[in-house]
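Welcome, and please open your viewer before reading on.

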Amino acid sequence: MTTPAPPLGVYVHWPYCARICPYCDFNVFRARGREVEAEALVRAILDDLAAQRELTGPRDLVSVFFGGGTPSLMDPAWTAEIVDQARRLWTPAADLEVTLEANPTDAEADRFAAFAEAGVNRLSLGLQSLDDAALKLLGRNHGATEGRRAAGVAARTFPRLSVDLIYARPGQTPGAWAQELKAALALGAEHVSPYQLTIEAGTAFERAVRRGTLVPPAEDPAAELFETTQTVLEAAGFDAYEVSNHAQGETARSRHNLVYWRGWDYVGAGPGAHGRITTPEGRVATTAADRPGDYIAGEGGTRELLTPVEAAQERVLSGLRIAQGVGREEVAVLDILPERIARLVELGLLADDPARLRATAQGRHVLDAITRELLA
């Protein structure tokens, strides 16, 4: 019997930003002076999606996600073209989720209605903080008042709203973070993504840490802030269905993110975008060229057939991030030693589940250590 092809998500990377944040290590470029290039990039993305349809074959499309970069800098008409292209190439679900990441500047919020008309039905708003001093530290180009105003517009414009926040900032206390979280929840979002500030290589923040001008919280205070996050959001009715994602009920969960964590397929289009496609030969990893000019010219980019072991390792890394974990039969090729699983269960880091590998609430603190142990 032929196994049905898994559902499909489409990720579109828009690499341009008005300002590059000091903590960001994504594939991003300053938008100024790239207007002609941006229009050419839209054409290249449309062509890329058509080309990748040949690789995927017919699929049921469950989500389209515009990430970046700052996709809310796009012309909404371009967004509509890309959404329409995806709907033509694959069979869209009746409740197709179309998410766009946005910054809360007034200029971008003024265009929310146009994005809704273009087909966006879920906005992911990068608030990052509701504290002006913190926003200045994070290099954001908006203030707290502007953020609240944008969230209000978004809540009235889109059926679904998610907000991103960054915690474990220098000097942040659990009490202040709890109040900030509660204030963010009052803005009407059904989904909250609180991310712990990490110092990534090659960023301005990494250079500041090396100079001693930025001192992030130590491990124990950061862990206390993590616990504060869980406590406040759980009390407000938000379930932690993934390490950094909380939803107000199952229907509020990000379907696109679940595509990644459940090991389904996704097409990646745009500079630097990654994809994973199941083919008759096996699972294929795609990577687009990083630089917009190269991507537009059709240069660079790779397609790699993963070995069964590599594909199973990816399933462990992604599947352990969500509450349901990953089925043991899905990763049987790894031949994980039973005593390693038993030890992690005894330590309270994995659930005692014979059918699935599932991290406990305690285990979510130390996922890196768990995966190292399982995949050693």
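Is Ala 109 buried or exposed? Ala 109 is buried, with a relative accessible area of 9%; buried means under 20% relative accessible area, exposed over 50%, and partly exposed in between (1.4 Å probe, protein chains only).

Before the next selection, a word on what you see. This is a predicted model, in which local features need pLDDT of at least 70 and side-chain atom pairs count only at pLDDT 80 or more, while totals for chains, interfaces and linings use all residues. Residues are numbered from 1 along each chain as its sequence is written, and side-chain values use heavy atoms, leaving out hydrogens and water.

**Stay with Ala 109**

Ala 109 belongs to helix 3 (residues 106-109); helices (H or I, at least four residues) and strands (E, at least two) are DSSP runs, numbered from the N terminus. Show Ala 150 and Val 153 too: Ala 109 touches them, not counting residues up to four places away in sequence, where contact means heavy atoms within 4.5 Å.

**Zoom out to the whole chain**

The protein chain has 14 helices and 16 strands. Its radius of gyration is 21 Å, close to the 21 Å that the globule rule gives for 376 residues, so the protein chain is as compact as a globular protein of that length. That radius is taken over C-alpha atoms, and the globule rule is 2.2 Å times the number of residues to the power 0.38. Buried residues make up 51% of the 376 residues.

**Select helix 1 and helix 2**

Now pick residues 35-56, helix 1, and residues 76-89, helix 2: their axes come within 10 Å and cross at roughly 10 degrees. Axes are lines fitted to C-alpha atoms, for helices over the stretch in contact, and angles run from 0 to 180 degrees between N-to-C directions. Helix 1 and helix 2 are therefore roughly parallel to each other (angles under 35 degrees count as roughly parallel, over 145 as roughly antiparallel, 65 to 115 as roughly perpendicular and the rest as oblique). Among the residues that meet are Val 42, Leu 46 and Leu 49 in helix 1, and Trp 78 and Ile 82 in helix 2.

Which residue takes a positive phi just after helix 1? Select Gly 57, where phi is about 70 degrees.

**On to the loop with Gly 69**

Gly 69 lies in the loop between strand 4 (60-68) and helix 2. Look at the peptide bond from Gly 68 to Gly 69, which is cis, with omega near 15 degrees.

**Compare two residues with positive phi**

Gln 128 sits in strand 6 (residues 122-128), and its phi is near 70 degrees, a positive value in a residue other than glycine. At 10% relative accessibility, Gln 128 counts as buried. Then jump to Asp 335, in the loop between strand 15 and helix 13 (338-346). Asp 335 is not a glycine either, yet has a positive phi of about 50 degrees; Asp 335 is exposed, with a relative accessible area of 61%.

**Finish at Leu 306 and helix 12**

Leu 306 is in the loop between strand 14 (302-305) and helix 12, and is buried, with a relative accessible area of 11%. Leaving aside neighbours within four places in sequence, its contacts include Arg 276, Arg 283 and Ala 311. Ala 311 is also one of the buried residues of helix 12. What covers those buried residues includes helix 10 (255-261), strand 13 (282-287) and helix 14 (367-375).
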